[in-house]
Amino acid sequence: MPNLATLLVNSAAVHGSHVAVRHDDTTLTYEQLDEASARLATVLHHRGVRPGDAVTMTMPNVPLFPVVYYGILRAGGVVVPMNPLLKSREAAFVLRDSEARTAVVHPMCADEVAKAAAETGAACLVTDPDAFHTQLLATLPLPGVVDRADDDTAVILYTSGTTGTPKGAELTHRNLLTNTATTAQTLLRLGPEDVLFGGLPLFHAFGQTCAMNTAVAAGATLTLLPRFDASRALEVMHRDRVTVFLGVPTMYSALLHTETPDGPGTPRLRLAVSGGAALPVEVLNRFERAFGATVLEGYGLSETSPVAAFNHPDRPRKSGSIGTPVRGVEMRLVGDDGSTVEPGAVGEIAVRGENVMKGYFHNPDATTLAVRDGWFHTGDLARVDEDGFYFIVDRKKDLIIRGGYNVYPREIEEMLYGHPKIAECAVVGVPDPLHGEEVAAVVVLRAGEEATAEEIRDYAKERVAAYKYPRIVTLTTELPKGPTGKILKRELTVPPLTSRVPLQH
């Protein structure tokens, strides 16, 4: 397997004048994207980046994202994407843990990342529109692409577990090349004539593999939307004649409740893909009627590059199902002892195949716990029917999915315990019609202390990314506990939606 960046090199050779990426009036052809990434590779090389070195990148969905992404890969570096919403404390953890000595950052994210870089001793390269562009133009493109081995790490995606401590999933060039090829060829069936909607965050595995890498592999066009807004999304879909929509369930619901900007009618898609959480069957059916496109649901995780299962376009599909394993992937359901469960029983999804990560970076204990005998244990519980279709029934981990973003309660709880007035706390997800789930914190104050829910919310808002902090804060005198003193989250009382006082987003 070659370097992942060869996806771009190959498409530039065949589709050089075709638009690769678009953001409103800004476009980059494949030839321009190829050359810009090669120039950035030279800049990084001059800054001391060598094959195998980790480089963080923090930026929204703008044309510079693929320039930086493929530029790091061309130089032989390891891409470490960071959420643009991270605060300096969170960014510093990723810089330290990944051992990155260079951070590439968009100006809108520069303040927080610059503080983190100064704290960790990393060099910070801000992609200022004028200075950065001038620097690229004055730099010769790096000839060719640095060779990398199949098992060399291409990307490290940081994902938290039940401990709340982020872990870096090491995805190899082989992982990403094979998963991209499978997605582009057998699932999305992309060609150069396709236009993909780029509203999923590209720092995330879903947007990175299924939107950006597949578009580049097929010589298709990716049209970007930095921040999802349903009305704006419809404008982009109309304007650019989007053929493939990729999104999470909350995006589908929002589009169905938004007036089209160009009068009657909706964009005519050929295909829509949903992932990240279960898509309600009613929403799926309404979307298909409104947009005239088949909606296919899939399943994956950062650790699986991400696609593991899918409702395939050439086979019968089942609403509410995550489908069947994709090409090059095996799945089975296991019990707590690791043995395969009986047909019809619920078990934990285990995945094996060319998409499974190398491991968690510098975390052998977590890797051994997650990957056993080559099988990655996902923490998701499911059942499988007689036709081999998998249905998610619950999550083994205490994961909250808010608007398509993963929020891990333990991380938020540890942060809240840093508040001098808090004695105990528990964080849970509660149903929310807008975001799917909302983050809620139930808090017990220290004896003699006084604080308001707004004070605690504001404390959290300053310390974690905007999608993580609890909008709902409930003060109580004690938390329900079991015989061993463990907090029983299932017995927590959180006010129903109708009785909550709306808080600013």
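Four elements, β2 (26–29), α2 (30–46), α3 (64–74) and α6 (131–137), each give at least two residues to the lining of the second largest pocket. Helices (H or I, at least four residues) and strands (E, at least two) are DSSP runs numbered from the N terminus. This is a predicted model, in which local features need pLDDT of at least 70, side-chain atom pairs count only at pLDDT 80 or more, and totals for chains, interfaces and linings use all residues. Residues are numbered from 1 along each chain as its sequence is written, and side-chain values use heavy atoms, without hydrogens and water.

**Pocket**
- The lining of the second largest pocket consists of 11 nonpolar, five polar and three charged residues.
- Charged means Asp, Glu, Lys and Arg; nonpolar means Ala, Val, Leu, Ile, Met, Phe, Trp, Tyr, Cys and Pro; the others, Gly among them, are polar.

**Helix α8**
- Helix α8 covers residues 205–218 and spans 18 Å from first C-alpha to last, close to the expected 20 Å (1.5 Å times one less than its number of residues).
- Of the 14 residues in α8, 13 are buried (under 20% relative accessible area, 1.4 Å probe, protein chains only).
- Gly-219 follows α8 and has a positive phi, near 70 degrees.

Note on methods. Buried < 20%, exposed > 50% of the residue type's maximum accessible area, 1.4 Å probe, protein only.
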